[in-house]
Amino acid sequence: MKRIISLFLVLIMILSMAACSRNDDEVKTAVSVEEIKKPEYKSGQTITLKVYNWGEYISDGSEDSLDVNAAFEEYFNTNRSSLYGGAKVKVEYSTYPTNEDMYSKLKNSAVAYDIVVPSDYMIEKLKNEGMLFSFDTSTLSNYKNIPESFKKAYYDENNEYSVPYTYGMMGVIYNKEIVDKNDIYDEDNKKTWGLLWNEKYKNNILQFNNPRDAFATAMYWKGLNVNSTDPDEWDKALELLKEQKPLLQGYVNDEIFNKMKTESAAIAPYFVGDFLTMAEEEENLDFYYPDEGVNYFVDAMCIPSCSQNPHIAKEYINFMIGETAAVANAMYIGYASPNSAVINSEEYIEAMNEYAYEGENGEGAYELLYNYTPDVVNAAYDSLYPGEISPACYRSFDPDIQTHVNTLWEDLKISGSTELWVHILSIAIVVAVVAYAGYSIYIRKKRSRDYRMRDKQKMLEKRTKALENAQKPTE
Amino acid sequence: MNKKRSFMNSIAAAPHIFWAVLFIILPLLIVLYYAFTDSDGHFSFSNIASLPSYASIFWLSLELSIIATAICLLLGYPLAYIIAKSKPKTQKILSMLLMLPMWTNLLIRTYSIMAILDNGGIINTLLGTSMQIVGTKGAVIFGMVYDFLPYMVLPIYTCISKIDKNMWEAASDLGCNTFSTLTKVIIPLSRSGIISGVTMVLVPSISTFYISQKLGGGTFELIGDTIERQFVTGALNVGAAISLVMMILILISLTVMNKFGDSDEGGIIV
């Protein structure tokens, strides 16, 4: 027993050795990469650079694309190796499906990642928890490729924690054959989120199956702040979503691809990069950005504070925003690129023209991605709500609001879902089972009582017989 | 000699114990830890206290899984009976056919059902209609039945085929026809199979989240979805508390069900 307990303690100790998280008592100030000494790399040594990125989020050499990680290794080993004592680098690449997965892995596992690519709100959270290295972005030779509009973002005001990798915007996908073009405009002739609430398309509308994005569609529509800390605003949005629920075909995540391609549904909110993929297979699909405001996300490269090779991580970041790697990635991923070298690259523009999508004014995928940019969104919001910070980007929730939103989401899921037959049938089954069990217990008891009675009777008969027999000879 | 054997035994058992500790007991302790702490790691009952608000979701999951289990039993018992009664060669083929869908991953099977039942899916295309099937509770029950039916049939089939042939003969000798043999002899003797079948269908259907997400169209949540969402949105503590209560409830219901199983047959899991 003692051995088992001690085994437990050892295991718990191993599991609680968190790599990147720090104790609450420590001061949460970031360490700068430039301040720490470069490890002593030796010639002939192979350094493993651990890169942790979203799935399907890098050009990996499939379908004639450039293998960016291999290209980095080659570049580093031939051009930069001498700065690191002649050491060679090897990229170890792994992927995650959500920001939250990445966060918990970073916080709880002992793997020391050198590069992660979180979204905006997650960068803010990691930064606030002291889980990132800061670094001097001006020392990156390719940093000039990053447009000014992506610098000094709210999550990284001094450009010292992150370098943007991709970005994307949310909008509405609709089927041109089914949806009347006039319905995407409101009374003021502005493109509106209201299409998702249009009763004409009952059972043909899809909605996000996660609270953050679903609430956002309602909040953008009615000019509520998606980063509000006021529970009342969320309650208002809930009313809108409840109103919408009877019109919906369902709340979906990645099923949206299939449903839109097979024309199972006609209207859905989603991200523009994914829309381009869908439009490859279904030519009736079109896309618009509602004028009331949309969400955009930025995924950016960061160096976690657990990194063992932050200097080489910087080399990696610099390579990724260089023209070769950035163009290859942008073509592979299909999301918009926050990189002027990509936007102006002829190779890239040509590749974007190969997309099947064609808007009504003849604009192609390139125009759809880049004509409506985050700064346009922010400017539009400024003119609508002067003086307020644009809520186009999601901010990290504080725990109270997170709980509140979760509760509202459950409320939404429960609402209106009364199908009486479910209650009746299940209660009938339970009653039947209980009745059967009771009956069989009763039968069993009765039988065993009967048997016991019979045994008793037999015994009595035997005894009387024996008595009779015993008495006989004396007669 | 004896001492030596017990030493050898403990060596042989060591990997299993290590496995059990690492992957069963330790995770349970972690769930326990999260269920009774708040997000800052301080001891707290607030997660447990917040559970009553999930009661209606829990009831819905329970109701749907009870219906699915009952349908599985109604479909599965005759099937198991037919398989057990057929010739050995046919038995092999039939049980292989039963197992065949299980070679495909559950997620893929569920996703394909969604594609079949969808508004623009195969059924609606063939009929030329656009019935709304995905998104109803019926579709979720259908998915549960489809996915978990083999778990009902297999234990019952094993149980029936283990019944001594003499029992059947004795029953008919004593005047039972086929039907009363079934009701008076075979069903009571295969009770342990029924109970393990019911358990193996009921427990995964209560806690399923994938089936309800895909076939329920996300318009309602089952308790599995709720737990999943809590974990995904980072509310580990509430998620852990729900899981803990679920585990306890399942444990209780298994114990109750075992009471009805034949004690000497040993029956099932708990």
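D67 of chain A sits in the loop between β1 (46–54) and α2 (68–80) of chain A. D67(A) is partly exposed, with a relative accessible area of 33%. On that scale, buried means under 20% relative accessible area, exposed means over 50%, and partly exposed is in between, with a 1.4 Å probe and protein chains only.

A word on the numbers. The model is predicted, so local features need pLDDT of at least 70 and side-chain atom pairs pLDDT 80 or more, while totals for chains, interfaces and linings use all residues. Residues are numbered from 1 along each chain as its sequence is written, chains are lettered from A and ligands numbered from 1 in the order written, and side-chain values use heavy atoms, without hydrogens and water.

Back to D67(A). Together with E56(A), D60(A), E63(A) and D64(A), D67(A) forms a negative surface patch. Patch members have over 30% relative accessible area and no salt bridge, and like charges are joined within 9 Å. Asp and Glu count as negative, and the place of a charge is CG of Asp or CD of Glu.

Next, salt bridges. The term means a side-chain nitrogen of Lys or Arg within 4 Å of a carboxyl oxygen of Asp or Glu. By this rule the count over all chains is 17.

One of them joins K90(A) and E73(A), with the closest N and O atoms 3.7 Å apart. K90(A) lies in strand β2 (residues 88–96) and E73(A) in helix α2, both of chain A, so the pair ties together parts 17 residues apart in sequence. Which of the partners is buried? E73(A) is, at 15% relative accessibility; K90(A) is partly exposed, at 45%.

Another salt bridge runs between E148(A) and K151(A), with the closest N and O atoms 3.2 Å apart. Here E148(A) counts as exposed, at 59% relative accessibility, and K151(A) counts as buried, at 16%.

The next pair is D180(A) and K200(A), whose closest N and O atoms are 4.0 Å apart. This pair links distant parts of the chain: both residues are in the loop between β4 (162–175) and β5 (205–208) of chain A, 20 residues apart. D180(A) is partly exposed, at 33% relative accessibility, whereas K200(A) is exposed, at 54%. D183(A) joins D180(A) and K200(A) in a network of salt bridges.

One more residue in chain A. Where is N295(A) placed? N295(A) is in the loop between β8 (285–288) and β9 (296–302) of chain A. N295(A) is buried, with a relative accessible area of 2%. The side chain of N295(A) reaches the backbone oxygen of A392(A) at 2.9 Å. That is a polar contact: a pair of N or O atoms within 3.5 Å, where within protein one must be able to donate a hydrogen and the other to accept it, and residues adjacent in sequence count only if both atoms are side-chain atoms.

Now chain B. Chain B has 13 helices and 0 strands. The C-alpha trace of chain B spans about 75 × 70 × 30 Å along its principal axes. Of the 270 residues in chain B, 44% are buried.

Take helix α8 of chain B, residues 165–173. At its start, a side-chain oxygen of D164(B) reaches to within 3.1 Å of the backbone nitrogen of N166(B). After α8(B) comes G175(B), with a positive phi near 100°.

How values were computed. Helices (H or I, at least four residues) and strands (E, at least two) are DSSP runs, numbered from the N terminus. Patches are made of residues with over 30% relative accessible area and no salt bridge: like charges are joined within 9 Å, nonpolar side chains (Val, Leu, Ile, Met, Phe, Trp, Tyr) within 5 Å. Accessible areas come from the Shrake-Rupley method with a 1.4 Å probe; for residues, only the protein chains shown count as cover.
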